[in-house]
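Subject: Handing over the structure

Hello,

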Amino acid sequence: MNIKIIHFQDSILISIPFSFQILEWLRTQHWWDFSEMDFLMLVTAYGKLGDFSRAERVLKYMNKKGYQPSVISQTGLMEAYGRGKQYRKAEAVFRRMQTSGPEPSPVTYQIILKSLVEVSI
């Protein structure tokens, strides 16, 4: 297992790949109650790794488990697409939020604007 630990201002930050491995492991443990926040962290981790298909699969799995799409999950996916320079997909998520919900938040608007500015540069 390749672990990268980063020290930053009296804190230890674990790299995204390792965080992802922890989340995936926890998901398989019968004693761990994998919550909506855990799923959202997994979506974020996959997005930061550029694995958008897995991020989307986690969101679909969340829906199957009864979690409705939230502004947090959709904004997270949109941000992941933006960071991965998949601007059309980021915009598609945003447009879907506008038409069928959940309603975009102020943070959602900031993130889509940042993505659109980056694509125009």
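What follows is an account of what was found in it, going from the overall layout to single residues.

Please keep in mind from the start that this is a predicted model. The protein chain contains six helices and two strands, and if you follow the chain from the N terminus, the elements come in the order β-β-α-α-α-α-α-α. Of its 121 residues, 35% count as buried. If you take the contacts in the chain with a separation of 6 or more, residues 24 or more positions apart account for 40% of them.

In soluble globular proteins, nonpolar side chains tend to be buried together. Here the largest nonpolar core has 23 residues, and those that touch the most other members are Leu42, Val58, Met62, Leu77, Met78, Tyr81 and Val93. Two or more residues of this core come from each of helix H1 (16–27), helix H2 (36–49), H3, H4, H5 and H6. When you look at Leu77, leave aside the residues up to four places away in sequence, and you will find that Leu77 touches Ala55, Glu56, Leu59, Val93 and Arg96.

Is Thr108 buried or exposed? Its relative accessibility is 0%, and because buried means under 20%, Thr108 counts as buried. Apart from its neighbours within four places in sequence, Thr108 is in contact with Val71, Thr75, Met78, Phe94 and Met97.

Next comes the largest pocket, which has a volume of about 270 Å³. It is lined by 19 residues, and the closest to its centre are Glu56, Leu59, Gln74, Leu77 and Arg96. Helix H3 (52–64), H4 and H5 each give at least two residues to this lining, and the lining as a whole divides into nine nonpolar, six polar and four charged residues. You have already met Leu77 as a member of the largest nonpolar core, and Leu77 is also among the residues closest to the centre of this pocket. Gln74, another residue of that central group, lies in helix H4 and is buried, with a relative accessible area of 9%. Not counting residues up to four places away in sequence, Gln74 touches Leu59, Pro69, Val93, Arg96, Met97 and Pro102.

Now to the charged side chains: how many salt bridges does the structure hold? There are four, and I will go through three of them here.

- Arg83 forms a salt bridge with Glu79, with the closest N and O atoms 3.2 Å apart. These two residues are four residues apart in helix H4 (residues 71–83), so they are separated by about one helical turn. Glu79, at 29% relative accessibility, counts as partly exposed.
- Glu91 forms a salt bridge with Arg95, and here the closest N and O atoms are 3.2 Å apart. Both residues lie in helix H5 (residues 87–100), four residues apart, about one turn of the helix. Glu91 is partly exposed at 28% relative accessibility, and Arg95 is partly exposed with a relative accessible area of 45%.
- Lys114 forms a salt bridge with Glu118, the closest N and O atoms being 2.6 Å apart. Both lie in helix H6 (residues 106–120), again four residues apart and about one turn of the helix. Glu118 counts as partly exposed, at 29% relative accessibility.

Finally, there are two details of the backbone to look at. Most residues other than glycine have a negative phi, and most peptide bonds are trans. The peptide bond from Gly101 to Pro102, however, is cis, with omega near -5°. Lys85, for its part, has a phi near 60°, a positive value in a residue other than glycine. Lys85 is found in the loop between H4 and H5, and at 60% relative accessibility Lys85 counts as exposed.

With best wishes

Key. Residues numbered from 1 in each chain as written. Predicted model: local features only at pLDDT ≥ 70, side-chain atom pairs only at ≥ 80, totals over all residues. Heavy atoms only, no water. Buried < 20%, exposed > 50% of the residue type's maximum accessible area, 1.4 Å probe, protein only. 1 Å grid on protein atoms, 1.4 Å probe; cavity = no way out; pocket = protein on both sides within 12 Å on 5 of 7 lines; lining within 4 Å. Points joined across faces, edges and corners; volume = space filled by probe spheres on them. Nonpolar A, V, L, I, M, F, W, Y, C, P; charged D, E, K, R; others polar. Contact = heavy atoms within 4.5 Å. Core = buried A, V, L, I, M, F, W, Y, C linked by side-chain atoms within 4.5 Å.
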